[in-house]
There are 2 protein chains.
Amino acid sequence: MQTASASRITERDQLRDAHPREVRGAIREGRWDGPTVGMARGYIQANVAIVPERFAFDFLRFCLRNPKPCPLVEVLEPGDPVPRQSAPSGDLRTDVSRYRVFRDGQLAEEVRDLRTLWRKNHVGFLMGCSVSFDQAMLDGGIDLRHLQSGTGRIAVYESNIACRPAGMFRGNMIVSMRPIPKTLLVRAVEITSQYPIAHGSPVHVGDGAEIGIPDMARIHSGKVNEVGPHEVPVWWGCGVTPQAVAVASGVPEMITHATGHLFATDLRVSAHRTGL
Amino acid sequence: MQTASASRITERDQLRDAHPREVRGAIREGRWDGPTVGMARGYIQANVAIVPERFAFDFLRFCLRNPKPCPLVEVLEPGDPVPRQSAPSGDLRTDVSRYRVFRDGQLAEEVRDLRTLWRKNHVGFLMGCSVSFDQAMLDGGIDLRHLQSGTGRIAVYESNIACRPAGMFRGNMIVSMRPIPKTLLVRAVEITSQYPIAHGSPVHVGDGAEIGIPDMARIHSGKVNEVGPHEVPVWWGCGVTPQAVAVASGVPEMITHATGHLFATDLRVSAHRTGL
């Protein structure tokens, strides 16, 4: 007889190389309620934002103007929770294991599904996530501290880089930091620049103080990673940015995924390198 | 004393290597009313579409879902005719030498400026244009028939490739055809795939009948180019597509540039290769 914890480890292992459809199914049926990092490897996992239709055109322009933190994967039809292009068998109301509901610029609640909250005027946005290029960096011979450490959690910071506003939406860019060996810095830029759908190339290299982050211990969320003596801190746009924008702009309503609890699409990462 | 015709040639030659600001100025001040192909070389020229705000979110999703014919350069703020990112000194109402006004799916009129037609609820869209990658192909050693022939006009066809619809917007993709030497086909794909902002890689290679174009003489607009015995017809998404979509969807109002009369942005083509 398995313990609950052993069953959880088995479920996670089974989803590691599963098709994204199975990851979505496991979440929808309540068999998985944890983070999705490391699951359905090779497929694009997406950050989620949902806004009422009257804010959707503004938010879409915001994403287009800020492609590093908010690289668009798909914009859903108003009222339609099904990502017709990137996950035709998916449902944005049920296939994310944890959602955050922001109201008037404040985190109002975290919920396990959106069946009762979803409305006909909701518009869903899927945005690429760094999980995709992390694997490409590993494949390219760049070890990543936050994956070595086992938690899979990365340090996320609020920078002072102002996003380009659109309509009511504004706010500073949230960034993630990866310590990269100095000898592999160029390689890390080369690889990530091939994945604009996964935040693309870095927004900053070197001292965090230059982008408003003087203290590496003061994280927005995630887990601090040490920078070694032969390493340089490298900063990328981060999919937590919409949450910070919901707060800074005070939009009446925005629903996002909870950090790490992503939406698994059917799109292969390898098919979305630049030029393809 | 110059004749009018000689003055026109001088003006065109001067604008050939001019900054886009000067091209826009010449059009705004009435010194140039012709096509802009071959001017401000090295800078992105843009296809233009303007729709009322209530259709703008739908049209924006349409562009995102059809990036080959409609690669977005910038979406302007509602009511603002100034492209703040791509041409801060520009004005969408005056800097295009000829506009087309579509009403209820029909071409209603062609006008020289939009000063009297522009309204506070108009939203401007700028989309990349093949002028940008034509230069890259020339630089890469691929001669292009429509540029050799001196007119600079390319054959444009209506294909049977259905664009992905969004809201009310739908229609077939308009494509342009370039005859490419068979030995340079791979090179042409390689080069154009680096410029998704200029329609990117081809949508079809070979017989036009396979995309609903059995008769190469039946053009939508432009000028027929012969395909030689050692050449293959190669087809790219074309910026005339929004005009066909205005007709097919019957949108109450859409204003576009007239074919060849593009909006010159300040963005350098070379800075918008993939990965940059």
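**The interface and the salt bridges**

Author: Chain A and chain B bury about 1600 Å² between them, and 58% of this area is on carbon and sulfur atoms. The model is a predicted one.

Reader: How many residues of chain A and of chain B are in contact?

Author: On the side of chain A there are 20 residues, in contact with 20 residues of chain B.

Reader: Which elements of chain A supply at least two residues of the side that touches chain B?

Author: They are α3 (53–65), β2 (72–75) and β5 (122–128) of chain A. The largest share comes from α3(A), with 6 residues. Sorted by class, the side of chain A that touches chain B has 11 nonpolar, 5 polar and 4 charged residues.

Reader: Let us turn to a single side chain. Is B:His257 buried or exposed?

Author: The term buried applies under 20% relative accessible area. B:His257 has 2% relative accessibility, and therefore counts as buried. Its place is in strand β10 (residues 253–257) of chain B.

Reader: What does the side chain of B:His257 reach?

Author: The side chain of B:His257 reaches the backbone nitrogen of B:Val48 at 3.0 Å. Leaving aside neighbours within four places in sequence, B:His257 is in contact with several residues, among them B:Asn47, B:Val96, B:Arg98, B:Tyr99 and B:Leu262.

Reader: How many salt bridges does the structure hold over all chains, and how is one of them to be read?

Author: The structure holds 38 salt bridges over all chains. In one case the side chains of A:Glu11 and A:Arg31 meet, N to O, at 3.1 Å. A:Glu11 lies in helix α1 (residues 4–16) of chain A and A:Arg31 in the loop between α2 (20–28) and β1 (43–52), so the pair ties together parts that are 20 residues apart in sequence. A:Glu11 is buried, at a relative accessible area of 13%, whereas A:Arg31 is partly exposed, at 42%.

Reader: Which parts does the salt bridge of A:Arg41 and A:Asp17 tie together?

Author: The side chains of A:Arg41 and A:Asp17 meet at 3.0 Å, N to O. A:Arg41 lies in the loop between α2 and β1 of chain A and A:Asp17 in the loop between α1 and α2, so parts that are 24 residues apart in sequence are tied together. A:Arg41 is partly exposed, with a relative accessible area of 34%, and A:Asp17 is exposed, with 55%.

Reader: How many residues apart in sequence are the parts tied together by A:Arg112 and A:Asp33?

Author: A:Arg112 forms a salt bridge with A:Asp33, the closest N and O atoms being 3.6 Å apart. Because A:Arg112 lies in the loop between β4 (106–111) and β5 of chain A and A:Asp33 in the loop between α2 and β1, the pair ties together parts that are 79 residues apart in sequence. Both are partly exposed, A:Arg112 at 47% and A:Asp33 at 33%. Finally, salt bridges that share partners join A:Arg24, A:Arg28, A:Asp95 and A:Asp266 into one network.

Technical notes: Residues are numbered from 1 along each chain as its sequence is written. Chains are lettered from A and ligands numbered from 1 in the order in which they are written. This is a predicted model: local features need pLDDT of at least 70, side-chain atom pairs count only at pLDDT 80 or more; totals for chains, interfaces and linings use all residues. Side-chain values use heavy atoms; hydrogens and water are left out. Contact means heavy atoms within 4.5 Å. Buried area is the accessible area (1.4 Å probe) that two parts lose on being put together, summed over both. Helices (H or I, at least four residues) and strands (E, at least two) are DSSP runs, numbered from the N terminus. Ala, Val, Leu, Ile, Met, Phe, Trp, Tyr, Cys and Pro count as nonpolar, Asp, Glu, Lys and Arg as charged, and the others, Gly among them, as polar. Buried means under 20% relative accessible area, exposed over 50%, partly exposed in between (1.4 Å probe, protein chains only). A polar contact is a pair of N or O atoms within 3.5 Å; within protein, one must be able to donate a hydrogen and the other to accept it, and residues adjacent in sequence count only if both atoms are side-chain atoms. A salt bridge is a side-chain nitrogen of Lys or Arg within 4 Å of a carboxyl oxygen of Asp or Glu.
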